[in-house]
Amino acid sequence: MTVPVLNATNVTKSLGGTPIIGGLTLSAEQGEFISVVGPSGCGKTTLLTCLSGLRNVDAGEVSFEGQKLDGPPDGMALIFQDYSRSLLPWRRNVDNVLFGMRRMTGVSAQEKRAKAMEMLAAVGLSKFETHFPWQVSGGMQQRVAIARALAARPHLLLLDEPLAAVDAQTRADIQDLLLSLARQFQKTCLLVTHDVDEAIYMADRVIVLSNRPTHVIADLQVPLPKPRDQIATRSEPEFLRLREKVLTLIRSMRTAA
Amino acid sequence: MRRLNVPAIVLGLLLLGAWELAARAGQNSFFPPFSTVLAALWANGGVIAAQIVDTLRRAAIGLAIAVAVMVPFGALIGRVRFLGDIFEPLVNMLRPIPPPAVAPIALLFAGTGDAGKIAMIVYTCAFPILIGAIDGVRANHPMLTNVGRSLRLSRLEIMAFIDLPAAMPIIMTGIRLAVAAALLVSVIAEMLLTTNGIGVYLLRSQENFRIADGLAGVVAIAVVGFLVNDLFLRLDRRLLAWHYATTGGAEGQG
């Protein structure tokens, strides 16, 4: 068996004395797109900071490509929910993407610049390289953040509710963009979201979390055909069956809480 | 080009007119009318300009030293708790000491030449800049640090490329306070540690009862002070265009 890209075993984490994560185990195989959903306030964001190495875990272990995590590793990129804070407003879009490549070695400045331009083109922002983030829309800012994350050629993309703050149409566009980029660049992705429809639409596998202290209560395969289609996929009987199942699970926890 | 601020200009002219009329009515040789002061400014223009250049030069050097030292120092104090615990009480203790009170010490250690005066200016400028830098980096959203860490930057890189630029709006406010103080203290330092500069010119005019000449110097300082402040205001609007654009501040992308 190959080593999973990301592996979390029996992870627990408390913040300020409150247990947030209680014995959580999950793993992501090469090339998989995994969605993680759970009831509001179940500790999804805390989980992501632990999986990304931004926070140490209290017990258990997180490993990335077989290496135990101790801080953010090489080869992993994070996309944050709050794009307006994750981009540096005093740098132009292309310079923000370049900023994501500071730690890349063995690549010349020219190659980096070319790569930054290429990534901005890949997210559909060819004409906005020299704009500042605050001169473009929220959806475009999140595209810049995606370009920055991809520019450093990570093996794993962690996405923390990246589309929670954009309007519905933009959300659908960026969902499809993320799916095609993940496919094109063969990335392993882990998307944390509170949107059940989005979780199923995007993923090969949906992981459902419990209330705090959170752990995995369901791990569901999504056998929907690819490439996904906003209209066709969402009306597949299998999509609706999964949707009902996940929503029921989450509702049962809301009443239990 | 900015539009002329007509009401402010009208107010200025009214005040100068009132000065002129009051002085002419009073007929007091210690209170010359504005027209006499203007004539004195014209007559002494060369001397005043030369003195002001000296005053400005020292103010600029003092300000530059204070910025170069205090911005990184403040960022360190603001970010590293251990350093904050050590230095903040000291800063708060030194801060209320008025600049003229340090003049004797400056005189003792740095002499009456440029060094003593520049030392006084650095001392005065240090506090608003230092406090701006400390508060500035502390006001930064913690998420910014996470962005830097997730890009695997070192602490120093996060400070230089994320913390400091993000804190610039607050640091710039401190710097603009320091600019005004630098000019003020540059003049005061000259009056206390006499050698040259516009402060000395004022002192000499006063001692020789050349009231109009002295007032001409004051008017010159006022004009220069206004221009310097305006320069920094423009600099602020330009450097921090991103800040004013995202917070909807005055003049937008100016």
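What is the mean pLDDT of chain A, and what share of its residues reach 70 or more? The mean pLDDT, the predictor's confidence in each residue on a scale from 0 to 100, is 92 for chain A, and 99% of its residues reach 70 or more. This is a predicted model, in which local features need pLDDT of at least 70 and side-chain atom pairs count only at pLDDT 80 or more, while totals for chains, interfaces and linings use all residues. Residues are numbered from 1 along each chain as its sequence is written, chains are lettered from A and ligands numbered from 1 in the order in which they are written, and side-chain values use heavy atoms, with hydrogens and water left out.

Chain A holds 8 helices and 10 strands, taken as DSSP runs numbered from the N terminus (helices H or I, at least four residues; strands E, at least two).

| Element of chain A | Residues | Mean pLDDT |
|---|---|---|
| Helix H2, lowest | 83-86 | 84 |
| Strand S9, highest | 205-209 | 96 |

Of the 257 residues of chain A, 53% count as buried, that is, under 20% relative accessible area, with exposed meaning over 50% and partly exposed in between (1.4 Å probe, protein chains only).

Ser14(A), in strand S1 (residues 6-15) of chain A, counts as partly exposed because its relative accessibility is 31%. Beyond its neighbours within four places in sequence, Ser14(A) is in contact (heavy atoms within 4.5 Å) with Pro19(A), Ile20(A) and Asp58(A). The C-alpha atoms of Ser14(A) and Thr46(A), 32 residues apart along the chain, are separated by 9.4 Å.
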